[in-house]
Amino acid sequence: MLTAIGDGLWNAFQMAWEVAWALVLGFLLSGIVQAWIPRSRMERALGGRDTRTLGLATGLGAASSSCSYAAVAIAKSMFQKGASLAAVMAFQFASTNLVFEIGIVMWVFLGWQFTLAEFVGGLVLIVLMWAGIRLLVTRRLEEEAQRHAQAADTGHVHHSAGSQLPWRQRLTSVAAWSDVAQNFRGDWEMLWKEITGGFVIAGFIALLPMSFFNGLFLTHSSGAAQLAENVLVGPVVAALSFVCSVGNVPLAAVLWAGGISFSGVIAFIYADLIIVPIVLIYGRYYGWRLTWYLVGIMFGTMVAAALAVDGLFSAAGIVPKHRPSIDSITSRGVSWNYTTFLNIVFLAVAAALVALTVRRGARDPMCGMTVDRSTPFQSDFEGRTVYFCGAGCKERYDNAHAGRQG
């Protein structure tokens, strides 16, 4: 039992190590979006539902983080700032399917055909998701979800000195970077339980025998029955595996080695944005009414995109035939490579940001968020200064302590 526990935790650590730098990068970008980009600018750039907005959101996502958790955090920040739901969902799918690093990992584990399928299918997925939201999510429901996102735990409006400065000055301003650091820390404080839980559960799921996973798929038949069963079950297995983005590629490779179809692997890989911890995050960010709409639309588009890619690749005759051995996939560990180098760099960045919040930060007594001491929302009580994230927390504190003042 102790050996199994150790193996499960070691698997969890390896998965977390594989994407640690991307997590830090994603939450850093989220902090910059929250602190430096005014709501009016975000509304102008990504507030629409047209094809131009779709293209811009897709491009921004492709240039962003590959980690599902980080992508969701950035999308929430964009949504809070006024971006449309269709735009932020396009951003999420682009940032987890069209980024350079996931292509490298897929090429290493699965080969060039899967890498090409990931990018081609990612574009199909984004277009279908955009169309589904436009058809099924009303403006009223979207506005309700946006208000919910703005009132979420990390949605308190922090004073942002950086948003008032020219971009060149923001890069050298301690106050501007302190704003970023406060939001960076706030997102981590909100989501660390979901992220940690996801990796730990994934580590133990990886210990299950291949017969367990292959028992969920039709692997010894061909034709429409296997195609339909694999693309429907693939996203469900991914949702229950708790593994995000780059981290689910090795597990997808194990499933491919075990005999599931090309379309089933593609559907599995697409489903990293509906794993259980992320669905819980959607509920916290957007409210459960919109969350169930999103999960349903995402599942449908993932199945449709996997079928479309399978059809295109079958017609072109480039569906891969060779399957690697399972040992060649599961024997990877932590070593000195580009991932280790990036982790060292970005963990140092994370440490610097947290240190900045400690040096310049103070805790809001009402919501528990860490805020910069330069915030204009302050109150003097019993000889000490109390700092707040926004006017709402300050007002509640002042009202609660009005009778005790002096």
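Among contacts in the chain between residues at least 6 apart in sequence, 79% link residues at least 24 apart; contact means heavy atoms within 4.5 Å. The model is predicted: local features need pLDDT of at least 70, side-chain atom pairs count only at pLDDT 80 or more, and totals for chains, interfaces and linings use all residues. Residues are numbered from 1 along each chain as its sequence is written, and side-chain values use heavy atoms, with hydrogens and water left out.

The chain holds 19 helices and four strands. Helices (H or I, at least four residues) and strands (E, at least two) are DSSP runs, numbered from the N terminus. Of the 406 residues, 55% count as buried. Buried means under 20% relative accessible area, exposed over 50%, and partly exposed in between (1.4 Å probe, protein chains only). The accessible surface of the chain is about 17,200 Å². Carbon and sulfur atoms account for 65% of that surface. Areas come from the Shrake-Rupley method with a 1.4 Å probe; for residues, only the protein chains shown count as cover.

The largest nonpolar core has 99 residues, and L110 and Y286 touch the most other members. Helix α1 gives the most to this core, with twelve residues. A nonpolar core is a set of buried Ala, Val, Leu, Ile, Met, Phe, Trp, Tyr and Cys residues joined through side-chain atoms within 4.5 Å. Leaving aside neighbours within four places in sequence, L110 contacts V249, A252, A253, W256, V265 and I269. A second, separate core has nine residues, including F381, V386, F388 and C389.

Helix α5 spans residues 85–97. In α5, 13 of 13 residues are buried. The helix reaches 18 Å from its first C-alpha to its last, close to the 18 Å expected at 1.5 Å a residue. The expected span is 1.5 Å times one less than the number of residues.

K76 lies in helix α4 (residues 68–80). K76 counts as buried because its relative accessibility is 0%. Its C-alpha atom is 10.0 Å from that of I281, 205 residues away along the chain.

On the surface, M1, L2, I5, L9, F204 and L207 form a nonpolar patch with about 640 Å² of accessible area together. Like charges are joined within 9 Å, nonpolar side chains (Val, Leu, Ile, Met, Phe, Trp, Tyr) within 5 Å. Helix α1 (residues 2–36) supplies the largest share of the patch, three residues. M1 sits in the segment before α1. M1 counts as exposed because its relative accessible area is 81%.

Key
Patch = residues over 30% accessible without salt bridge, like charges linked within 9 Å, V, L, I, M, F, W, Y side chains within 5 Å. Salt bridge = Lys/Arg side-chain N within 4 Å of Asp/Glu carboxyl O.
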